[in-house]
Amino acid sequence: MSDAGSILSALLGIALVVAELTIIISALIILPGNRRPQTAMAWLILILVIPFGGFVLFLLFGRTSVGRKRREEQAAVNEAILAAAQLDRIGDDIARAALPPLVQGFAHLNQRLGVLPLSFGNTVELFDDYAGCVEAMRQEVATAEHYVHVQFYISSWDEVTAPFFEELVRATERGVAVRFLYDHIGSRGIPGYKEFVGRLEATKIEFAAMLPIRPLKGEFRRPDLRNHRKILVVDGRAAFSGSQNLIEPCYDKPKNQKLGRAWVELMARVEGPAVQELNVVFATDWLAETGERLQDIVSVLPPPPGPREGALTGVGVQVLPSGPGFVSENNLRLFNSMLYSAERRLSLTSPYFVPDDSLLYAVTTAAQRGVDVELFVSATADQFMVAHAQHSYYEVLLRAGVRIWLYPEPFVLHAKHFSVDDRVAVIGSSNMDMRSFALNYEVVMMMTGAEVVARLGEVQDTYRALSTELTLDAWLGRSRGHRYVDNLMRLTATLQ
C-alpha cells in the first residue's frame, strides 16, 4: 500500500473512532432526558454494542412524538367540542357524590389527563361472542339516519365482516354519511389489503388510513406507531368499543384457520353521554387524518338511553383516550392508581402483559399485601417476541402470589379489561404493555358500579373455567433456552 493509501486509511480509522465516540457521548447526554430509566438504558446498551447500527435504529424508532401540530389540533378540537357540548355539566351530582372517594379521584385524574368527564345515566351491554358482536354492530348501522363513524385498528372485508360493510354501503345509499378510519400498517399486513381498499373506493364511504407512512407525500414518522382504537358510533345515539378488530376471528390467515386459532374478544355497547365521548375521540382522529372538523356534529348531546333487554342501566362511564398525542401516559397512570386502590380482588385480562416497572410493582404489591390477584393470558401467543417478553415476568408474578390462568390453545385471548373489587372496571383497546402505554393510540372506558363489575365477573368466570392455572414449579421447569429468549425479548421490549 502506498504512503497516501496508508494515510487515508489511518484518517478513515480516526474518523470512525471520532464518530463512534460522538454517537456514544451524545447518547449519554440525550437519551436519559424525558424517558424511563429502563428505556434509556436499553438504548444506551444497544448503541454501546453497535454504535452506528444502534444510532440508525434510534433515529427510526427512538421518538414517540407525532409532532406539535397534531397535538395542537387534538387540543383545539377537544376544546371546541367540550365548549359546545358542555360535557363537564353532564351527570348526576347525587350519583357522583355517592361514589367512593377513590373512584372520584380516578375520575378527576382521567379528566385532567384525557379531558373527558365521568358521565352517568349510561346503559351498557357486554359482547363476548365474536360473530354476535359483528351482527349487533351491523344491526346498529341498519338503524342509522344521519351518520356512522367507524374506527378500527385492523379491518378487512371478508366473509365475516361483509354483512357489516354491506350495511355501511346501504347506509350511504340512503344518504347517511359514513366515515371510516383504519390503521395504515395494522391493516396493510392482512391478506387481500389491496382488494379491501379497492372495494372501499368503489363505494360512497369516506375513508382514510390512520398514521400513514408515505415519505413522498411528506408523511413519515416512527414506523411502529399505531392507532389501536376500536370505535363505532351511530347517529351519536349508540356506540361500541373494546378489543375486537373488524376482521374474521382467525385474521384471514390460512394457518390460523387450519389450526382453529381464533381470537377471543370483549366489546361493550353503550348508550347515553358516553357515546358523545367516544365520538369526540373519533373526531380528533378524523381531523388529524382528513383535516375535516366534526365538532358541529359531535357536539350534539346524545338522547337518553331507551329500554333494552339485558342492558345494565345507570352506569357511570368515563372515556379515556391515550397515546403519543398526549404528554402523559394516560392509561398507565389510571391503571396504576386503580391497582394500588384494590382492597380485596383484582382480575386482569391482557393478551400482551409486558409492564414497565411501575405497573409490575403495582400488581405484585397488591398480591403481597393480601389482595387476590389473577391474570388471564393465552397459553399460545400470536407474537413471538411479545410472548417471550411477557414470559420473562411470570416468575416474579407467581412468587408474589399472582395467579396466572392460561387460556387454552389454539385460541388467542385478545380481550383487554380488568376489575377492582366490586366498584370499578376498565374495558377497551389497551393492553398492559409498554407499547400500549407509549406507542399506541388507545381508548378505554372506566365503568363504575357493582352491577357492571359483576357482569364483567361473569366473563372472567368463563375464562377461569376454561383455563389452566400456571404453577411456579411448572414454570421453573422450562428449558434454559426458553429462559434465555425470554430475557432477550424483555430487553427489546424496552426499546421505545
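**Close-up views of a predicted model**

**View 1. Helix H14 passes helix H15 in a left-handed crossing.** In this predicted model, the axes of H14 (residues 330–341) and H15 (residues 357–368) come within 9 Å and cross at roughly 15°. Angles under 35 degrees count as roughly parallel, and the two helices are therefore roughly parallel to each other. On the H14 side, look for Leu-332, Phe-335, Asn-336, Leu-339 and Tyr-340. H15 meets them with Ser-358, Leu-359, Tyr-361, Ala-362, Val-363, Thr-365 and Ala-366. Sorted by type, the residues of this contact comprise 9 nonpolar and 3 polar, with no charged ones.

**View 2. Helix H8 and the elements its buried residues pack against.** H8 covers residues 162–173, and its 12 residues reach 16 Å from the first C-alpha to the last, close to the 16 Å expected at 1.5 Å a residue. Which residues of H8 are buried? They are Ala-162, Phe-164, Phe-165, Glu-167, Leu-168, Val-169, Ala-171 and Thr-172. A handy reminder when following a helix by eye: an α-helix has 3.6 residues a turn, so residues three or four places apart point the same way. After H8 comes Gly-175, with a positive phi near 95°.

**View 3. Leu-211 and Asp-235 have a positive phi although neither is a glycine.** As background, most residues other than glycine have a negative phi. Leu-211, with a phi of about 50°, sits in the loop between strand E4 (206–210) and strand E5 (226–227). Because its relative accessible area is 1%, Leu-211 counts as buried. Asp-235 has a phi of about 55° and belongs to the loop between E6 and strand E7 (238–242). Is Asp-235 buried or exposed? Asp-235 is buried, since its relative accessible area is 16% and the cut-off for buried is under 20%.

**View 4. A cis peptide bond leads from Glu-409 to Pro-410.** Omega for this bond is near 0°. For orientation, Pro-410 is found in the loop that joins strand E14 (403–407) to strand E15 (412–413). Most peptide bonds are trans.

**View 5. Ala-387 in helix H16.** The helix spans residues 384–391. Ala-387 counts as buried because its relative accessibility is 11%. Where does Phe-353 lie relative to Ala-387? The two are 34 residues apart in sequence, and their C-alpha atoms are 8.6 Å apart in space.

Conventions
Residues are numbered from 1 along each chain as its sequence is written. This is a predicted model: local features need pLDDT of at least 70, side-chain atom pairs count only at pLDDT 80 or more; totals for chains, interfaces and linings use all residues. Side-chain values use heavy atoms; hydrogens and water are left out. Helices (H or I, at least four residues) and strands (E, at least two) are DSSP runs, numbered from the N terminus. The expected span of a helix is 1.5 Å times one less than its number of residues. Buried means under 20% relative accessible area, exposed over 50%, partly exposed in between (1.4 Å probe, protein chains only). Contact means heavy atoms within 4.5 Å. Axes are lines fitted to C-alpha atoms, for helices over the stretch in contact, and angles run from 0 to 180 degrees between N-to-C directions. Angles under 35 degrees count as roughly parallel, over 145 as roughly antiparallel, 65 to 115 as roughly perpendicular and the rest as oblique. A crossing is left-handed if the near helix is turned anticlockwise from the far one by less than a right angle, and right-handed if clockwise. Ala, Val, Leu, Ile, Met, Phe, Trp, Tyr, Cys and Pro count as nonpolar, Asp, Glu, Lys and Arg as charged, and the others, Gly among them, as polar.
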